[in-house]
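Here are my notes on one helix pair and its surroundings. Have the model open while you read.

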Amino acid sequence: MKSYKTIPFPCSSSVFKWVLLFFLLPVQAYCDLILVENKIPKSEIVIGASPTRSAQFAALELQYGIKLITGAEIPIVAAPKNSDTVQIMVGIPSDGETFKHEEYSIRFREKKIYLAGNDTPDFKKVNYTKTDTFPPLQYYYRASCFAVYDFLEKACGIRYYSYGDTGTVFTPRKTLSVSNLDCRRAPAMKAFRVPYFEGPQSHIPPRDLLLLRHRWRENIVCGLVNHNIYSIYYRYWGKATDKQLASVFIEHRPEYFAQRSEDRRSSRIAQRYYAGQYVPSQLCYAVDGPVDYFADEANKVYQGKKVPGVRFPDLKKLPDTPFYYPIQPDDDTSVCQCSQCKEKMEKDRSAYLFSWINKVAAKAHKLNPDINFATLAYDITSTRPADIELYPELSVQICMDIALWFHPLIYKRQHGIYKDWVRHEGKKRMLSCWLYMLDPGSAIRQIPGQTRFFSCHLPQTYRKNHHRIP
Ligand SMILES: [Zn+2]
């Protein structure tokens, strides 16, 4: 079966033909390649003798996607077996093309299609039925998979809207042909892309959930932040109820933790590890102990050491990418009321907290120049501290309730804060975003009369605590 379309020249002038051919050659456009014809495979997936884990997984996803559309199973082979068929080279670059970060390309070359990108050099065997053999989702390059997903979506018409086969949309057909799709790209969101699945997932098979996260190109390359100051408690607050965490206890140093005489909120770890005790949710930002502690913790994690109790033990530095260690206090405003903290907090809470983070970042950088820190612009640190210089290598993740941007006052405030960060800091450091897209969150309390809008959907606590924007 002929799988090429010839291009008729519109002019009989031979000079014109050659000029036109000169422009067409580099892109080799207008060729449709038949992958399956009348449910019979007319192509093979070639992965080479030593495919990366990503290339193996990508080949299996490609085989499965094409089978969904046509019912035909294209063979996966180490080397080309049938020169009459189209060869889809997965994880094998065209013309020695090289990649960095999450770059990948799709190249059509005569009867070959190349789908390849930068993969972590990991060659463990993948079994499509066993999720623990799949390539990792985070701190790992698997751009060959991205090339395959782009190919399945753009050339074959698949859309991954939700879990499993029922969430995968395509047009079933007996014959599948694809048109030239020549591109080289990388995900535009370079630091991380992480959908936050909240709520019960028990009705979803774990494999389907994992596949969806792969198909949505999830990854953390660097810089993701969340609340993570808890490990210091297991060493300097008290013995945790967990055996392993109890074993790292050193001594009680109450001066490291927030002093409060009123509105004493306990840390979110209190219920789990210190049942029945009051455990301050925040640290004292006036003493040096916690500064030294977190700088040392970052250095240990960077070196790949096991540090019991850290929230993000698997952080890694990827090649050609800076390393950021997260630092973010607990999720409330029960800040320290000691005389030093109180005075500075009353002046500018955001500046005071960022000054402490500056100190941790500077200390860690002294220990190891490869360590950078990342923190949140969130709650009392939402606004950019105008009167202090942030540490040069500090990255800031700006949190925004864009689900509420329909409300003009919330939009004005949050968008204003965001633009201010970008205007003053966008060229100095990496800025990233955490977006509450389908979760109105606590900012809902700022909308007068919000109970009428959201009474059916929000937990009782949100409905009780509304107040007006001052
Ligand atoms: Zn204090």
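1. Some ground rules. Axes here are lines fitted to C-alpha atoms, for helices over the stretch in contact, with angles running from 0 to 180 degrees between N-to-C directions. Helices (H or I, at least four residues) and strands (E, at least two) are DSSP runs numbered from the N terminus. This is a predicted model, where local features need pLDDT of at least 70 and side-chain atom pairs count only at pLDDT 80 or more, while totals for chains, interfaces and linings use all residues. Residues are numbered from 1 along each chain as its sequence is written.

2. Now the pair itself. The axes of H8 (residues 289-302) and H10 (residues 349-367) come within 8 Å, crossing at roughly 45 degrees. That angle makes H8 oblique to H10 (under 35 degrees is roughly parallel, over 145 roughly antiparallel, 65 to 115 roughly perpendicular, and the rest oblique).

3. Who touches whom? On the H8 side, the contact is made by Val291, Asp292, Phe294, Ala295, Ala298 and Asn299; H10 brings Lys359, Val360, Lys363, Ala364 and Leu367. Contact means C-beta atoms, placed from the backbone, within 7 Å.

4. H10 has 19 residues and reaches 28 Å from first C-alpha to last, close to the 27 Å expected at 1.5 Å a residue (1.5 Å times one less than the number of residues).

5. Buried residues of H10 include Trp356, Val360, Lys363 and Ala364; buried means 20 or more other C-beta atoms within 10 Å of the residue's own, with C-beta atoms placed from the backbone. The buried residues of H10 pack against H8, strand E14 (323-326), helix H9 (339-347) and strand E15 (371-377).

Terms used:
Contact = placed C-beta atoms within 7 Å. Buried ≥ 20, exposed ≤ 12 C-beta atoms within 10 Å, placed from the backbone.
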